[in-house]
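Take a look at the model below.

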Amino acid sequence: MDYVVAFMAGGGICALAQLAIDVGKLPQLHVMSLLVAVGVILGISGIYDRIVAFAGAGATLPLSGFGYFLTKGILSQKELDGWLTIGAAMFQFTGAILSFAIVLSFFTALICKPKG
């Protein structure tokens with residue numbers, strides 16, 4: 001049942017983003033930025049914690065989950081003494097996600113042939 005809830009939650013978030021692109025005629029970059037911003041806002045307010053507790057990976061895998069993890073890293077630090085500390089705290093939880101995306105993109109570029 002956990003898989004079904006995660007699939008429905010993640011699919012619902014992605015369906016809303018696709019509706020914003022198709023019906024709202026918003027560019028994809030704007031929708032991606034909006035999802036990250038919504039994840040940050042809901043993460044600060046504590047609402048996204050409840051969504052993650054309910055939906056699990058279905059709420060953390062879309063881009064809104066990336067914004068949530070950025071916020072979670074900053075809020076987990078007790079004492080923020082400057083911009084460098086904020087930046088380090090921000091990527092505390094998202095560092096592995098970004099590293100995986102960069103390494104996977106590199107190997108994909110080696111295997112696949114570019115069209116341009």
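Is Cys 112 buried, partly exposed or exposed? Cys 112 counts as partly exposed, because its relative accessibility is 45%. Buried means under 20% relative accessible area, exposed means over 50%, and partly exposed lies in between, with a 1.4 Å probe and protein chains only.

This is a predicted model: local features need pLDDT of at least 70, side-chain atom pairs count only at pLDDT 80 or more, and totals for chains, interfaces and linings use all residues. Residues are numbered from 1 along each chain as its sequence is written, and side-chain values use heavy atoms, with hydrogens and water left out.

**Pocket**
- The largest pocket has a volume of about 190 Å³.
- A pocket is an open set of points on a 1 Å grid over the protein atoms alone, where a 1.4 Å probe fits, with protein on both sides within 12 Å along at least five of seven lines. Lining residues have an atom within 4 Å of a point. The volume is the space filled by probe spheres set on the points.
- The elements giving two or more residues to this lining are helix H1 (2-22), helix H2 (28-45) and helix H3 (47-55). Helices are DSSP runs (H or I, at least four residues), numbered from the N terminus.
- H2 gives the most to the lining, with 5 residues.
- Among the lining residues are Ile 13, Leu 34, Tyr 48 and Ser 64.
- By class, the lining has 11 nonpolar, 1 polar and no charged residues.

**Aromatic rings**
- The structure holds 3 aromatic pairs. Rings of Phe, Tyr and Trp (its six-membered ring) pair if their centres lie within 6.5 Å; planes under 30 degrees apart are stacked, over 60 edge-to-face, and the rest tilted.
- Tyr 68 and Phe 69 form a tilted pair, because their planes stand at 50°, with ring centres 5.3 Å apart. Both residues are buried.
- Phe 106 and Phe 107 have ring centres 5.4 Å apart and planes at 70°, so this pair is edge-to-face. Phe 107 is partly exposed, at 46% relative accessible area.
- Ring pairs link Tyr 48, Tyr 68 and Phe 69 into a cluster.

**Cysteines**
- A search of the whole structure finds 0 disulfides. A disulfide is a pair of cysteine sulfur atoms within 2.5 Å.
- Cys 14 is partly exposed, at 45% relative accessibility.

**Ser 105**
- Ser 105 is found in helix H7 (residues 95-111).
- Ser 105 and Ser 76 are 29 residues apart in sequence and 30 Å apart in space, C-alpha to C-alpha.

Key:
Nonpolar A, V, L, I, M, F, W, Y, C, P; charged D, E, K, R; others polar.
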